[in-house]
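Here are a few exercises to work through with the model open beside you. Try each task before reading its solution.

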Amino acid sequence: MGHRAARFALRVLSPLGDADPAGDLATVREVHAAALAAVEPWRIGRSVNFLLGEHRGRTDAAAVAGSTHGSATRARLAELRAAHDPENVFRFHPYAG
């Protein structure tokens with residue numbers, strides 16, 4: 001569990017409409033990026049528990065994945081994935097290892 005030292009958790013949730021979900025998703029990501037940028041000086045990372053939705057194909061996927069755990073933890077998770085999930089069954093975590 002990364003970032004246990006955080007005093008607060010900020011979650012920004014936005015529903016998508018039915019008429020244009022792809023367009024809505026682009027708008028939501030822009031709004032979320034602006035909200036996160038506003039609190040950047042105080043951020044220590046992201047909680048993987050609050051990363052919702054698809055992350056593959058995102059231009060910021062590597063940054064999102066890198067913000068969930070420290071480098072030592074990411075390395076250990078990659079080792080565990082290689083040992084226990086070589087077929088990538090649990091591929092939905094944004095960090096692909």
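## Exercise 1: Salt bridges

A search of the whole structure, which is a predicted model, turns up 3 salt bridges.

**Task.** Which side chain forms a salt bridge with R76, and how far apart are the closest N and O atoms?

**Solution.** Start at R76 and look for its partner: E79 forms the salt bridge, with the closest N and O atoms 3.3 Å apart. R76 and E79 are 3 residues apart in helix α3, so about one helical turn separates them. Then check the surroundings of each residue. R76 is partly exposed, with a relative accessible area of 46%, and E79 is partly exposed too, with 49%.

**Task.** R81 and D85 also meet in a salt bridge. Is R81 buried or exposed, and is D85 buried or exposed?

**Solution.** First find the contact: the side chains of R81 and D85 come together at 4.0 Å, N to O. The cut-off to apply next is that a residue is buried under 20% relative accessible area. R81 has 18%, so R81 is buried. D85 has 9%, so D85 is buried as well.

## Exercise 2: A loop residue and its partner

**Task.** Where does E40 lie, and which side chain does E40 meet in a salt bridge?

**Solution.** Begin with the position: E40 sits in the loop between α1 (21-38) and α2 (61-66). Now follow the side chain of E40, which meets that of R43 in a salt bridge of 3.1 Å, N to O. The two side chains are also joined by a polar contact of 3.1 Å. To finish, look at accessibility. E40 counts as partly exposed because its relative accessibility is 43%, and R43 is partly exposed with a relative accessible area of 24%. As background, side chains of opposite charge can pair when their charged atoms come close.

## Exercise 3: A backbone angle to look up

**Task.** What is the phi value of N88, and where is N88 placed?

**Solution.** Read the angle first: phi of N88 is near 60°, which is a positive value in a residue other than glycine. Then locate the residue, which is in the segment after α3. Finally, N88 counts as partly exposed, at 30% relative accessibility.

## Exercise 4: The chain as a whole

**Task.** How many helices and strands does the chain have, and what share of its residues is buried?

**Solution.** Count the elements: there are 3 helices and 0 strands. Reading from the N terminus, their order is α-α-α. Turning to burial, 16% of the 97 residues in the chain are buried. The chain exposes about 7,400 Å², and carbon and sulfur atoms supply 59% of that area. For contacts, take those with a separation of 6 or more: residues 24 or more positions apart account for 46% of them.

## Exercise 5: Confidence

**Task.** What is the mean pLDDT of the chain, and where is confidence lowest and highest?

**Solution.** Take the overall figure first: the mean pLDDT is 78, and 85% of the residues reach 70 or more. Then go element by element. Confidence is lowest in α2, at a mean of 76, and highest in helix α3 (residues 71-84), at 87. One reminder for reading any such model: where pLDDT is low, the predicted coordinates should not be read in detail.

Note on methods:
Residues numbered from 1 in each chain as written. Predicted model: local features only at pLDDT ≥ 70, side-chain atom pairs only at ≥ 80, totals over all residues. Heavy atoms only, no water. Helix = DSSP H or I, 4+ residues; strand = E, 2+ residues; numbered from the N terminus. Buried < 20%, exposed > 50% of the residue type's maximum accessible area, 1.4 Å probe, protein only. Contact = heavy atoms within 4.5 Å. Areas by Shrake-Rupley, 256 points an atom, 1.4 Å probe, with all protein chains shown as cover. Polar contact = N/O pair within 3.5 Å; in protein donor to acceptor, adjacent residues only side chain to side chain. pLDDT = per-residue confidence, 0-100.
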